[in-house]
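Student: Hi! Could you walk me through this one? I'd like to jump around a bit as we go.

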Number of protein chains: 2
Amino acid sequence: MAQQVRAQITRERLIDGAAEAFTRLGYISATTTDIARSAGATRGALYFHFQSKEEIARAVVDKEQRLAVESGTRIVDLGRPALETMLLLSVDLAERMQVDPVVKAGIRLTTENSNFDPPLRAPYEQWLATFGAIAAVAVEQGDFRGDLDPAMFARFLIPSYTGIQLVSDTFTGRADLLPRIREMWLFIFPAVVPAERIENARAVLDGLIPEAL
Amino acid sequence: MAQQVRAQITRERLIDGAAEAFTRLGYISATTTDIARSAGATRGALYFHFQSKEEIARAVVDKEQRLAVESGTRIVDLGRPALETMLLLSVDLAERMQVDPVVKAGIRLTTENSNFDPPLRAPYEQWLATFGAIAAVAVEQGDFRGDLDPAMFARFLIPSYTGIQLVSDTFTGRADLLPRIREMWLFIFPAVVPAERIENARAVLDGLIPEAL
């Protein structure tokens, strides 16, 4: 039992070390030696847990998605209105992208299409389904227009957000990500929120990302 | 003189070959041997024109930007209203991304932040400046709201477009890019176009990207 726990701890350390090495060196340039060193483990330990660099990269993306689901579930369980839930999710991911090496690496592995053939689609599919479902509730709650197609909204929002974090990463290493997400929502509100609810939507956004930021 | 022309032709062929090799193998995996073979040239010819793989990659991005400026200038010179000019530019880049190996490779080299340190910013800066300037004209022409901040509009649109083409590439190899761009504009219109001009904006969009597509 203690041995199983130790093995699990080593596996997690290898995933965290891989995330750090991929972010620092790039996925394709990072070697399994770099990953083992970054994890404070041996290459033998690495190959005991993972058959290849690709397998450990997929484990990084899986962990990033697991963290997203855990964090997302906590936010949904707050029971806030659907519109506020979406704002909270967008801010939460932005904050985790700024500080968590696994999230940083997972997002980059997902957005760099040259890394995997076929490219990774599961993280997008998960966000598309989540935002489609929450947007449908926002329509029911009257915070989104009655004629809004929730699936179409998600098909627009998730790629937009993806590009916004990517360009923020390119220009500022994501230091300006929260103000850019604030601007994204300010642009989107008039397109999806009924006129009489826009003031409320802006107040909720102001509470999460103050204008001064 | 004939020798200079031949050298120029070889250089262009090397850039096109590099674009093809980067798209097929990924920038980091593609070797200078792959690039020379893909160009039908020798490695000697490659190293006569370029000092490194990074230099040839920057030449691919430069050529992609040159093509964008040429194509963009042709569109701006049509003298259409600013809103229509922006729609035309968004469709033109989408079409070139689908068929032109240099554009495909240039965009991917730009969006994959692991490729260069620091990451490439010039292509974004150029698009941000172009769309900021055209959006200011759309405000003057009354097709964009009078209180719209053109720079903020560009800071939202260019990253959104970047993400939309990236996710379309991930899911369909960009086969669904035009319908996704249509949806992007349909979402953006109510946020930026005065109510009395929205019908006109949709008609112009319908003319460029029919709904059935």
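Student: Let's start with Asp16(A). Is Asp16(A) buried, exposed or partly exposed?
Tutor: Asp16(A) has a relative accessibility of 34%, so it counts as partly exposed. Keep in mind that this is a predicted model.

Student: And what does Asp16(A) form a salt bridge with?
Tutor: The partner of Asp16(A) is Lys63(A), and their closest N and O atoms are 2.8 Å apart. Asp16(A) belongs to helix H1 (residues 2–25) of chain A and Lys63(A) to helix H4 (residues 53–76) of chain A, so the pair ties together parts 47 residues apart in sequence.

Student: How about Lys63(A), buried or exposed?
Tutor: Lys63(A) counts as buried because its relative accessibility is 11%, and the cut-off for buried is under 20%.

Student: Which residues are linked in a network of salt bridges with Lys63(A)?
Tutor: The network links Glu12(A), Asp16(A), Lys63(A) and Arg66(A).

Student: How many salt bridges are there over all chains?
Tutor: Searching the whole structure gives 32.

Student: Let's switch to chain B. What does Asp169(B) form a salt bridge with?
Tutor: Asp169(B) pairs with Arg108(B), with 3.1 Å between the closest N and O atoms. Asp169(B) is buried, at a relative accessible area of 13%.

Student: And Arg180(B), what's on the other end of its salt bridge?
Tutor: That would be Asp176(B), with the closest N and O atoms 2.8 Å apart. Both Arg180(B) and Asp176(B) are buried.

Student: OK, the interface now. How many residues of chain A are in contact with chain B?
Tutor: There are 38 residues of chain A in contact with 38 residues of chain B. The area buried between chain A and chain B is about 3600 Å², and carbon and sulfur atoms give 69% of that.

Student: How many salt bridges lie across the interface of chain A and chain B?
Tutor: Two are found between chain A and chain B. One of them joins the side chains of Arg155(A) and Glu183(B), at 2.5 Å from N to O. As for polar contacts, the count between chain A and chain B is 15 residue pairs.

Student: Which elements give two or more residues to the side of chain A that touches chain B?
Tutor: From chain A, they are helix H6 (101–111), helix H7 (122–140), helix H8 (150–172) and helix H9 (177–192). H8(A) gives the most, with 14 residues. By class, the side of chain A that touches chain B has 21 nonpolar, nine polar and eight charged residues.

Student: Tell me about H8(A) then. How many of its residues are buried?
Tutor: H8(A) is mostly covered, with 18 of its 23 residues buried. From first C-alpha to last, H8(A) reaches 32 Å, close to the 33 Å expected at 1.5 Å a residue.

Student: What happens at the start of H8(A), and just after H8(A)?
Tutor: At the start, a side-chain oxygen of Asp149(A) comes to within 3.0 Å of the backbone nitrogen of Ala151(A). Just after H8(A), Gly173(A) has a positive phi of about 60°.

Student: Last one: where is Ser90(A), and what does Ser90(A) touch?
Tutor: Ser90(A) lies in helix H5 (residues 82–99) of chain A and counts as buried, at 3% relative accessibility. Leaving aside residues up to four places away in sequence, Ser90(A) touches Tyr161(A), Ile181(A) and Trp185(A).

How values were computed:
Residues numbered from 1 in each chain as written. Chains lettered and ligands numbered in written order. Predicted model: local features only at pLDDT ≥ 70, side-chain atom pairs only at ≥ 80, totals over all residues. Heavy atoms only, no water. Contact = heavy atoms within 4.5 Å. Buried area = accessible area lost by both parts, 1.4 Å probe. Salt bridge = Lys/Arg side-chain N within 4 Å of Asp/Glu carboxyl O. Polar contact = N/O pair within 3.5 Å; in protein donor to acceptor, adjacent residues only side chain to side chain. Helix = DSSP H or I, 4+ residues; strand = E, 2+ residues; numbered from the N terminus. Nonpolar A, V, L, I, M, F, W, Y, C, P; charged D, E, K, R; others polar. Expected span 1.5 Å × (residues − 1). Buried < 20%, exposed > 50% of the residue type's maximum accessible area, 1.4 Å probe, protein only.
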